[in-house]
Amino acid sequence: MNSFLKRVRLAVRLPQRQAVFQLNKERIGVPFLYVGLLSALVCIPLSIETFLQSEGIIADLALPMFLVYFVFVYFPLFALSVYSLLAVVTALARAIALAAKRKLTFLMLYKIACFAATLPILGYGACLLVNEDWAKIWVGISIVFILVLLIRLLFHYPQANKSKLHKQMK
């Protein structure tokens with residue numbers, strides 16, 4: 001729990017150089033788990049609200065069956081959408097990194113994008129609880145926020161050698 005909170009503090013400090021370099025040292029599984037835990041945290045109040053305000057077939061389910069539905073249907077789709085959006089934003093940042101001739105890989109940028117998604121994921125959960133229309137707008141704002149953050153931290157890294165950059169483009 002202590003290391004999770006440490007990562008949250010570092011993620012909030014992005015795009016500071018020290019935070020970027022510390023978070024980039026993490027193994028690739030850590031950011032996936034981090035985003036998964038944040039998504040689960042956001043889904044807890046959402047699941048309660050959905051159960052209390054459900055209509056139709058979902059309203060007829062008993063609580064244990066609803067929880068099974070939520071854990072095995074809704075949450076994986078929600079997490080997959082978060083990971084997919086992060087991958088798209090990372091691909092855009094990778095294209096910009098290649099244009100700026102920076103030596104960054106997709107995996108390095110994806111790790112930082114996962115940590116940069118801390119505030120957008122928590123904000124999305126808050127928007128869902130307040131107003132679902134705000135949540136749709138928040139997604140667009142979050143994508144722009146993460147992309148701008150990734151572009152800013154691209155310039156913390158040195159330019160690539162021409163021979164290494166040529167190999168990366170192949």
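Predicted model: local features only at pLDDT ≥ 70, side-chain atom pairs only at ≥ 80, totals over all residues.
Residues are numbered from 1 along each chain as its sequence is written. Local features need pLDDT of at least 70 and side-chain atom pairs count only at pLDDT 80 or more, while hydrogens and water are left out of side-chain values.

**Exercise 1.** Work out which residues of α1 are buried and where they sit around the axis.

*Solution.* Start with the helix itself: α1 covers residues 2–12, a helix being a DSSP run (H or I) of at least four residues. Next, look for buried residues, those under 20% relative accessible area with a 1.4 Å probe. In α1 these are Phe 4, Arg 7, Leu 10 and Ala 11. They cover an arc of only 125° around the axis, so they lie on the same side of α1; the arc uses directions from the helix axis to the C-beta atoms. Finally, turn to the face pointing away from that buried side: Asn 2 and Arg 9 are exposed there, with exposed meaning over 50%.

**Exercise 2.** Find how α1 and α3 are oriented to each other and which residues meet.

*Solution.* First take the axes, lines fitted to C-alpha atoms over the stretch in contact, with angles from 0 to 180 degrees between N-to-C directions. The axes of α1 and α3 (residues 29–52) come within 12 Å and cross at roughly 90°. The two helices are therefore roughly perpendicular, a label for angles of 65 to 115 degrees. Then list the contacts, heavy atoms within 4.5 Å: Phe 4, Arg 7, Val 8 and Ala 11 of α1 meet Val 30, Tyr 34, Leu 37 and Leu 38 of α3.

Note on methods: Parallel < 35°, antiparallel > 145°, perpendicular 65-115°, else oblique.
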